[in-house]
Amino acid sequence: MALSDLFSRRRKEHAESEVGASDAPVHPTKVLARFIAGLSSRSQPVLLDLGPVVGTNVSFFGEQLGCKIIVEDLSKDIDRHVRDGSLDQLPAFLMKRFPQESSSIDGILCWDVFDYLDKKSAKPLAEQLIRMLRPDGVLLAFFGTAQPQPGSRPEYTRHVVVDKAKLQHRPYAAARQKQRPLPNRDIQLLFEPLRIVEQFLLKTNLREVLFRKPPEKPAASVAPSA
Amino acid sequence: MWKRDEAVRPTSGQPATPAAAASTQPVTTPAAVQPDVRRIERDIVNIGKSVVIKGELNGSEDLTIEGHVEGRIELKDHVLTIGPNGKIKAQVFAKAVIVLGEVNGNVTASEKVDIRDGGSVDGDIISPRVAIAEGAHFRGSVDMQRKGAQPGQQKSASSSQPEKEKAQAAASASAQPQAAAH
């Protein structure tokens, strides 16, 4: 097959999967500005984005923070496991998914990826994110609070940053429905020892949470006292 | 300068002719390959889609690649365009890089990297400006750190200059139609 055919097919597939990108609704966000503020004091921060590649987001964060952005689109991994019928292997896959070194990431954009994972898969992903996050680093995550509608068409949301206070939600086709929403207590337990520093429940039934990894304790406090 | 690829497009589907090949000025001369390199405009050189180059490609003029290149490409003060048929497996260094084809390797640009709809990059990008269209494929990291700029100064400057924020917002907005068009 010629490369040009491959590209035209890819464009066609993409056009079919993307629903009204320019007409997608814009929602307020409370936590994004705080996420950026949490990183603004750092020089050359490293961001990890678990969503799909969005060019305007890359430009936005690059211009705001002068940062390095690593994009690891987990929706593709989830879809692949669904298609292959190997969802039982997803927890083990997620444990080895990230080659990044421990404590090497300043900020993580999870968006709503945890809504598409069951508890067995969510745990290893959270462990890996905690491992990669630097002390005092921040993690942004969204959690749906509404029960998934049975029979509805599964779709992911591409979160496009309009500005610090607004996100455009662009739906696109998914292979897996959203899972049951996590209660607040489960969210806290999932990300321990991270601390929730900001949490907002929006009218859109979306819970926005900003986590921060506690700073490392000084070595002196670890030493046993006489 | 970003319209240069438009001048290249009409030739992308045309087969390379021996006459055209005879009038070429090769960017480099890899040992095993006689490149089909054509000068289609005064300052833009085109590497045809039947050409395979393995080795190091250096140049001092804008270049469009429709063929296959493996190794290293260096056009430090010029624009490199990877055409829709171009397939690159190389480290790329240029002033600006426009990707409509496929790149496997790290891309470093002193001004801008632009991955257009249908373009694909597997590798790390280092550039002060990066544009990724909605239909593009990208896997890797983007480093937009401005060399020579102190991050602290940059942030304080941007926070004290609302005009700059507006300009950034306008730049984002101007990028939006490109993304939304697909």
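pLDDT is the predictor's confidence in each residue, from 0 to 100. I start there since what you see above is a predicted model.

Chain B first. Its pLDDT averages 70, and 55% of its residues score at least 70. Within chain B, confidence is lowest in helix α2, residues 18-22, with a mean of 35. The highest is strand β7, residues 102-104, at 96.

Two stretches of chain B stay under 50. One is residues 1-35, where the model has 55 contacts beyond four places in sequence. The other is residues 148-182, with 34 such contacts. Where pLDDT is low, the predicted coordinates should not be read in detail.

Now the strands of chain B. Which strands pair with β8(B)? One is β6, residues 87-99 of chain B, which runs parallel to β8, residues 107-115, and is joined to it by 7 bridges. In that pairing, Ala96(B) has Lys112(B) of β8(B) as its bridge partner. Another is β10, residues 125-126 of chain B, also parallel, over 2 bridges; there Val107(B) stands opposite Ile125(B). Then comes β11, residues 130-132 of chain B, parallel again, over 3 bridges. Here Ile115(B) is opposite Ile132(B).

Chain A, briefly. It has 8 helices and 9 strands. It is 226 residues long, and 40% of them count as buried. Take the contacts in chain A between residues at least 6 apart in sequence: 71% of these join residues at least 24 apart.

Last, the complex. The predictor gives it an ipTM of 0.76 and a pTM of 0.73.

Terms used
Residues are numbered from 1 along each chain as its sequence is written. Chains are lettered from A and ligands numbered from 1 in the order in which they are written. This is a predicted model: local features need pLDDT of at least 70, side-chain atom pairs count only at pLDDT 80 or more; totals for chains, interfaces and linings use all residues. Helices (H or I, at least four residues) and strands (E, at least two) are DSSP runs, numbered from the N terminus. A residue is buried if 20 or more other C-beta atoms lie within 10 Å of its own, exposed if 12 or fewer, and partly exposed in between; C-beta atoms are placed from the backbone. Two residues are in contact if their C-beta atoms, placed from the backbone, lie within 7 Å. Two strands pair if DSSP finds at least two bridges between them.
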